[in-house]
Number of protein chains: 2
Amino acid sequence: MSTLSTQPYKGTRDYYPEDKFIQNHIFNVWRRVVEGYGYDEYGAPMLEPIDIYAAKSGQELVNDQTYVFTDRGGRTVAIRPEMTPSISRMVAGRRQELSYPARLYSIANFMRYERPQRGREREFWQLNVDIFGVDHVEADAEIITMADDILKQLGGKSDDYVIRINNRQFINYMMVQYLGLDDVQAQQMVKLFDRRGKITQSDFEEQAGLIFGDENGDRFQKIEQLLSATTLDQLPDELRGADSLQQMETLFTKLKIAGVESVVFDATLMRGLDYYTGTVFEVFDTHPENNRSLFGGGRYDGLVSAFGAEPISAVGMAPGSTMIENFLAVRDLTPAYRPSASTTIVVIDEAHDTAAAVASSLRKAGVAVSVDISRRKLDKQLKTALKRAVSHIIFVGPEDTDTFMLKDLAAETEERLSVEQIAARLA
Amino acid sequence: MSTLSTQPYKGTRDYYPEDKFIQNHIFNVWRRVVEGYGYDEYGAPMLEPIDIYAAKSGQELVNDQTYVFTDRGGRTVAIRPEMTPSISRMVAGRRQELSYPARLYSIANFMRYERPQRGREREFWQLNVDIFGVDHVEADAEIITMADDILKQLGGKSDDYVIRINNRQFINYMMVQYLGLDDVQAQQMVKLFDRRGKITQSDFEEQAGLIFGDENGDRFQKIEQLLSATTLDQLPDELRGADSLQQMETLFTKLKIAGVESVVFDATLMRGLDYYTGTVFEVFDTHPENNRSLFGGGRYDGLVSAFGAEPISAVGMAPGSTMIENFLAVRDLTPAYRPSASTTIVVIDEAHDTAAAVASSLRKAGVAVSVDISRRKLDKQLKTALKRAVSHIIFVGPEDTDTFMLKDLAAETEERLSVEQIAARLA
């Protein structure tokens, strides 16, 4: 038999315990924060019929990035590239039984066929947190407040990130009412706004001119005003009539009351997915070594009705663990690894049955303990214990019956104690 | 746009919060038990090259049950149908860096293309717990002790299940040394033993006779002796010479010391997967309504070396959550659902900013609380709160500033309290 590769599948990652420890730290903070707001966990299948993405997720995601295949029964299925269509399907399926506001979250794995790069992996883990059945921006404020809370609970400070906010209806208002573009031009301009950060000023102006079909100096000035505004009161007065602007004003006020400081308006924020209908937001890392989008979300009031239900309004977001990992790493916020059992039993001269009995008693008292059942020499066992970064070692030899030597590695002490005393010490 | 189905993909399951709550209960017990023995969590990709299963998992799993497809880069990949090949690959990849015994666990989702039936779903969740680098049955005993511990921690009693044990080397000894079969006959007899529980005694005898190629009455008697033994001392003396029998005797002794009571020998226990090399075991539910295999495991000393590493011995098991769910359900051991926040704020006359401030203070004090931001009438909000099975309701109206009415639904009391007092009461 030829030798198999030890490498993981391209673009995916093996999480050894040290890596999984960091991911679990992130998962735990996510869980604690969103459960604090009353979100309940759900789970959805890793495969879905391709149709549920084709409906509203956007062409790039469906055509280029989705792992899609035909199953043995001839169905075209996709490994989920995101959760929003699945949870919308689930809400539609129980729309009568659910009570609203319905607050739901999940932590799950997804796959996208992307060119692997820093922070982008083909398999990735995301928190999805969504609130259903609230039309008012109260819901948008709650989701964004949780985004802020998560980064703070992970140790981030207000100036470590900025939350950029826009609104899909306001985007439309800017394009049609304010800039006076027709539908085709508006669509082109939205795409150009979206690319704003990636192209030069002169390229931007040239392409904008091509969209207008003329050299309308007035419109360039208008666009410049939109692009330079980072607060809503910097926007031109002609936009005051837009309902969507008033909604954003309420949202900004609510966020201020909630203590969310790092919020700015960003006219170029579009978000790629087709299903957003109102607020869109994206959280950006401000660190020079990780100056990029961390995650985002928004309101998608039309998706549940795609599953044959009456419309149910929805707001959600989806932070990924790899991006958060980078956010922590560049700030030294990554927690130091601890093994699940910080106590180990070193077994002298094959006193295995005694060691097993001691371990069993300690576990019953709630102490996590591993036993070195390798049958190697004492010095090798000790070396392994130190390498594992345990805090305590218990020595069990054939002469030991009632008391056992407990070594505290931090305090550098050794003491003979009964199992009950050891349990009390370590609990 | 035509309406999309709200049904999950065939053979998979939507876990609404009530379902996820039960699964999380199982996950939490798994985690607590195995971490108590010093197992550290890892994660592996959901896709693997098909080769790693083709090597040793057995033909049925690879050819009939695996979700396999060609990715956009032309690679043949499989959605993992099990974890053992992945963790063996990971151990092989870091064989130098790992310290032994290496104790590793994961809780992950898998897919198999099976005919959906009770307890069998196409997507399923499993605990995988494996110990690497221990030749001695000490390791086998630890894994089986954890199996026992998990069922007890879930509320099971010793007579709720039976752990059947056999040994792959002993199977070979029985077939070749004891029954005198050649390789081909031995293989056929192993398959017949495996089907023993599913066919009649006369069918079994007829097929056994076909394998012998004669009517050897002596061999029928020998087989009968093997099949009727449930303890090792009931086995014929001619088998005493087998090393594998002595290993099983040591294993049974260790399990007895560890307090594992429900253990029997079972000559027909084979386990489907090709990679097992020593101990094999399977846990069976004894309840008349759920009389079936719950999960199993065993020793697979050869798998790591398939990845080009020197052999590293390994023992593991893989309980699935659906089987455990059934084990709990038939015994009324399923925990009652509790929402993540057992306190909710009912908002009177749109006092939303005050409600948000109260909620924020409570969360900072560690109290999980949801706010009813639906802007519906008081009676509707109350109805929702009761439906959600919360334990406490806080009423926040426009007149409330320093104190708020706290309603304790179990005690049927109402009290006006400050936020600090409410936090102290609910923490």
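A crossing of two helices is called right-handed if the near helix is turned clockwise from the far one by less than a right angle, and left-handed if anticlockwise. The exercises below use this term on a predicted model.

**Exercise 1. Describe how helix α5 and helix α10 of chain A pack against each other, and state the hand of their crossing.**

Solution. Begin with the geometry: helix α5 (residues 138-153) of chain A and helix α10 (residues 243-257) of chain A pack at an angle of about 45 degrees, and their axes are 9 Å apart. Angles under 35 degrees count as roughly parallel and those from 65 to 115 as roughly perpendicular, with the rest, unless over 145, taken as oblique; α5(A) and α10(A) are therefore oblique to each other. Turning to the side chains, α5(A) contributes Glu138(A), Asp140(A), Ala141(A), Ile144(A) and Thr145(A), which meet Leu251(A), Lys254(A) and Leu255(A) of α10(A). Sorted by class, the residues of this contact are 4 nonpolar, 1 polar and 3 charged.

**Exercise 2. Work out how helix α6 and helix α7 of chain A are arranged, and which classes of residue make up their contact.**

Solution. The axes of helix α6 (residues 168-178) of chain A and helix α7 (residues 183-195) of chain A come within 10 Å and cross at roughly 125 degrees. An angle of that value makes α6(A) oblique to α7(A), and the crossing of the pair is right-handed. On the α6(A) side the contact is made by Ile171(A), Met175(A) and Val176(A), and on the α7(A) side by Ala186(A), Met189(A) and Val190(A). Counting by class gives 6 nonpolar residues, with no polar and no charged ones. As background, nonpolar side chains in soluble globular proteins tend to be buried together.

**Exercise 3. Locate the residues of α1(B) that face α5(B), and give the angle between the two helices.**

Solution. The axes of α1(B) and helix α5 (residues 138-153) of chain B come within 10 Å and cross at roughly 135 degrees, and this makes α1(B) oblique to α5(B). The crossing by which α1(B) passes α5(B) is right-handed. From α1(B) the contact takes Val29(B), Trp30(B), Arg32(B), Val33(B) and Val34(B), while α5(B) supplies Met146(B), Asp149(B), Ile150(B) and Gln153(B). These residues divide into 6 nonpolar, 1 polar and 2 charged.

**Exercise 4. Describe the side of chain B that touches chain A, and say which helix gives the most to that side.**

Solution. Start with the extent of the contact, in which 81 residues of chain B meet 80 residues of chain A. Helix α1 (residues 17-36) of chain B gives the most to the side of chain B that touches chain A, namely 6 residues. By class, the residues on that side of chain B are 38 nonpolar, 21 polar and 22 charged.

**Exercise 5. Find the residues with the most contacts inside the largest nonpolar core, and list what one of them touches.**

Solution. The largest nonpolar core has 230 residues, and Ile345(A) and Ile345(B) are those with the most contacts inside it. Leaving aside residues up to four places away in sequence, Ile345(A) touches Ala355(A), Val358(A), Ala359(A), Val369(A), Val371(A), Asp372(A), Ile394(A) and Val396(A).

How values were computed:
Residues are numbered from 1 along each chain as its sequence is written. Chains are lettered from A and ligands numbered from 1 in the order in which they are written. This is a predicted model: local features need pLDDT of at least 70, side-chain atom pairs count only at pLDDT 80 or more; totals for chains, interfaces and linings use all residues. A nonpolar core is a set of buried Ala, Val, Leu, Ile, Met, Phe, Trp, Tyr and Cys residues joined through C-beta atoms within 7 Å. A residue is buried if 20 or more other C-beta atoms lie within 10 Å of its own, exposed if 12 or fewer, and partly exposed in between; C-beta atoms are placed from the backbone. Two residues are in contact if their C-beta atoms, placed from the backbone, lie within 7 Å. Helices (H or I, at least four residues) and strands (E, at least two) are DSSP runs, numbered from the N terminus. Ala, Val, Leu, Ile, Met, Phe, Trp, Tyr, Cys and Pro count as nonpolar, Asp, Glu, Lys and Arg as charged, and the others, Gly among them, as polar. Axes are lines fitted to C-alpha atoms, for helices over the stretch in contact, and angles run from 0 to 180 degrees between N-to-C directions.
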